[in-house]
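Have the structure open as you read.

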Amino acid sequence: MNYQTVPTVCPYCGVGCGILLQVTDGQLTGTLPLKDHPVSRGKLCLKGWNAHQFVHHPDRLQQPLIRSGGTIREASWAEALDSVKQGFSRIRDQYGPASLAGLASAKCTNEENYLFQKLMRGVLGTNNVDHCARLCHSPTVVALSSAFGSAAMTNSIAELAGADCLLVFGSNTTENHPLAGSYIIEAQRKAGHLIVVDPRKVHLSSLANIHLALRPGTDMALANGLAHVILNEGLHNRQFIEERTEGFEAFKEVIQEYSPSREEEITGIPESKLKEAARIYAKAERAAIVYCMGVTQHAAGSDNVRAICNLALLCGQVGRPSTGINPLRGQNNVQGACDMGALPDVLPGYQRVDDPEVREKFSKNWNLPVPAQPGQTLMEIISGAGTDIRGLYIMGENPVLSDPDSESVRRALSRLDFLVVQDIFLSETATLAHVVLPSASFAEKTGTYTNTERRVQRLSKAVNPPGAALADWEILCRVAAALGCPQDYESPEMIMEEIASLTPSYGGIRHSRLKGQGLQWPCPDVSHPGTPYLHGQRFIRGKGKFNAVRHRPHQEFPDTEYPFRLLTGRMFCHYHTGTMTRKSPALASEQAEGYMEVNPQDAMALSVKEGEKVRVTSRRGSIVARARVTESVGQGEIFIPFHFSESAANVLTQKALDPESKMPELKVCAVRLEKAP
Amino acid sequence: MESAVEQTKILARELLESGRVAGILALVSEQGRIRPGFLQRTEEVNDLVLEPIYLLAPLARTIQTMDSQATVGIVARGCDERALVELAKAGQMDLERTVLIGLACDEEIAQRCGCRQPYPREIDVGTRINHTPAEGSSSAAGEKVDWTAELARCLKCYGCRNACPLCICPECKLAVPMWVQTGVVPPDPLSFHLIRAFHLVDKCVDCGSCEDACPAGLPLRKLHKHLLRMLEERLGYVPGMQVDRQSPLFPNLWCTPFLDSKIPRWMSTLGENGSGEMRGE
């Protein structure tokens, strides 16, 4: 008998915990925590403990599939690759490269995302490449770049434990980033100043010293209200503002509009609570802000993030350990997929595609042309499917469930002339594909992930992929070769060397240097030890910029026809569209099906009891889910987690977009409820 | 005098060369990461390390469960050995197929763990430290605790159960909706943590694995220590410390053990075979 433990990185959220896969005779038999990991330090969440469970699931794709007529059949790699080549070439020849698009994957490695955008740009000739970061932290990328000059978490996860005050906006951290939550809990127990901003009563708010249960979508008004109190009481950091920031005067002017009474009118948070929170944040020696989807998934997402950045600049709470603005990235490698240029306007390292020098550099290295025109974003790609966009290559994403208004996504994808989906399971999206390419899971390949604190970590291969499945990077190499541009990489290590040569912040990243702790970018050269926190002496853009923003109400308010406000989100035992977690027995048995949370008063008015079925209808569609009668949502509000395809929250959600980041307003829409038979 | 880790390596190589074991469970450091490994070749012993503390006893059970023939070597601290004893009493380990390299913890580790017996019965490496955890220290049982507030932090990761060497019920009650509501965080403290505590009342060997694994910093050892102290005071029983005595509680609760286990009066370490034996009844 052969028994091994293989250290690697958890495939779920952006915290990037260290796990040990137990392997017995070539099969995964369990997951253990990695004790000396810099973030997870021998602890894991429920998903992490069960990270191995979906890997050997019988539904894993083992052969390429080709649609012929109405049915989908198994095919050889040669046949599938030929079909991919024919499909994409035909569209490119007939409609031009701009009619092709690709969705990369925040689940795949840095090397794979790098190759994917190289394939889309260099081989297929389009900048139409994006991925699900559009649906989580695209407003972060916009706003943090404009305020600080870098679109990433400013500090490190472990530093949160050292904060005297933690201000958490729209993050149910202990459920959705549990091991980051572990440091928040530690800080709360040491310093006793945890302020949680969330319209719902979530687990973290129950542990908070102050819970600011604001009206959904009013985060910006609240942040402005906090700034108003801080300015009026003279608690701002004058020296920091003078030496290290710009735009203060204009900001100050706008903030005067947000008196506590106006703030209360918008957010519902009373003056006394607002003042208490503002004082704690401003007076703390080290105060850190943590935020997540509750802030970004709004049509005003970018401005919400700006309002939060202003607070940190106002109090000088950035550029030191245990302070900063800390967006918690969702997917295990969403940070990396962004870093690798799986975005329509930037190449790896956020180097702008409309900069001729940048294009020249990449083009020379790749020996392939790089198109100049920035491409379309995810929502534009989906809505253009069948018209502007004729062919789509989706690697490891499931937009039918993850994107707003599922039905319209399904219709749009069905209109495509040619859809290729590369995945480990036949997801809801893959069932619509013309060609399905079977790929390897995290446990079956090597490569690197970059976690939310910019830590580049190495994966280890523990077992072989099933059947004919291949690692995504191997598939991409084959697709490129089929399209006439062979890519002769022998390993992800070689791909990383190319990435490092083209991406300044990854300049010193080599697989051989990623032993143990990994490296946090910026890491410009091979002797650089990595960077735990950003903006220490100066901001990456020079000075920190105040961006004055005004509250904009969200797009769809409850009315007589749709009187309830739907909030969407996640829960502790599932992950995103459930592709992996619902195939993991320990997680599926914890929560087998979808549900909707409804306030007891509303439940009584609807004569709905715990566990009874409720029909939830919006202007886009309708679903049925069982009621959980709970005080965690207020009257007039309901909550639905978006993991469950049979009662998918995103059937209901709307496509109103943040004008800058093109983030859809996934968090909030109006619905009506009826008791279902 | 060689360091503890060098002494352990020598003994591990000898044991592998003797052919008595299929492999040795030990911590190894490889590519900058420390993990438990099942060392089967002498050259693998070069990577052996002793810290951080990682309870290896549950992995010995895992290996014996999957391979009914293998004799398993293990670098065992006091807590590992106590866990192995209790696993054997429950029919989950065959200690005749287990060879220990007994490792005594040093003063610093003993302090940090608040361990009252930081050494196995037969010590092959290190020296015996007599250590009595002070009352009032974090690991002592006497302190008053606001359990409602403490347990409210639970993230329901099941890490305490997963890391525990003795949470071995085939169907865990904590995952059965009849006992603990599923899909909700935090779990009801009475049903979740007290069911666990009662299940472990006469098995907990105070290794601290539950607390180490807890992302929410729950003082789980304190919870167990209350029960352990009562058990010791009233019935004179200390799980893991009394090799030749079955639990005075629920003695008939165990179904047929899945391994036909015999418990040697003293488990063999290097050199001598176990002398005398005692049946786990």
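Which residue stands opposite Val196(A) in S10(A)? That's His211(A). The model is predicted, so to speak of local features pLDDT of at least 70 is needed, side-chain atom pairs count only at pLDDT 80 or more, and totals for chains, interfaces and linings use all residues. Residues are numbered from 1 along each chain as its sequence is written, chains are lettered from A and ligands numbered from 1 in the order in which they are written, and side-chain values use heavy atoms, with hydrogens and water left out.

Strand S9 (residues 194-197) of chain A runs parallel to S10(A), with 3 bridges joining them. Both sit in an open sheet of 5 strands, ordered S10-S9-S8-S12-S13 (chain A), with parallel pairing. Strands (E, at least two residues) and helices (H or I, at least four) are DSSP runs, numbered from the N terminus, and two strands pair if DSSP finds at least two bridges between them. At the edges are S10 (210-212) and S13 (324-327) of chain A, each pairing on one side only. From one strand to the next, the twist averages 15 degrees.

Helix H12 (residues 271-283) of chain A packs on this sheet, touching S8, S9, S10 and S12 of chain A. Contact here means heavy atoms within 4.5 Å. The direction of H12(A) makes about 120 degrees with that of S10(A); axes are lines fitted to C-alpha atoms, for helices over the stretch in contact, and angles run from 0 to 180 degrees between N-to-C directions.

## A mixed sheet in chain A

Chain A also has an open sheet of 7 strands, in the order S5-S4-S18-S17-S16-S6-S7, and here the pairing is mixed. S5 (71-74) and S7 (129-130) of chain A are the edge strands. Within this sheet, S6 (100-103) and S16 (391-395) of chain A pair in the parallel sense over 4 bridges, with Leu100(A) opposite Gly391(A).

## Where the chains meet

The contact takes 42 residues from chain A and 40 from chain B. Together the chains bury about 3,400 Å², 56% of it on carbon and sulfur atoms; buried area is the accessible area (1.4 Å probe) that two parts lose on being put together, summed over both.

There are 3 salt bridges across the interface, meaning a side-chain nitrogen of Lys or Arg within 4 Å of a carboxyl oxygen of Asp or Glu. Lys35(A) makes one with Asp212(B), the closest N and O atoms being 3.5 Å apart.
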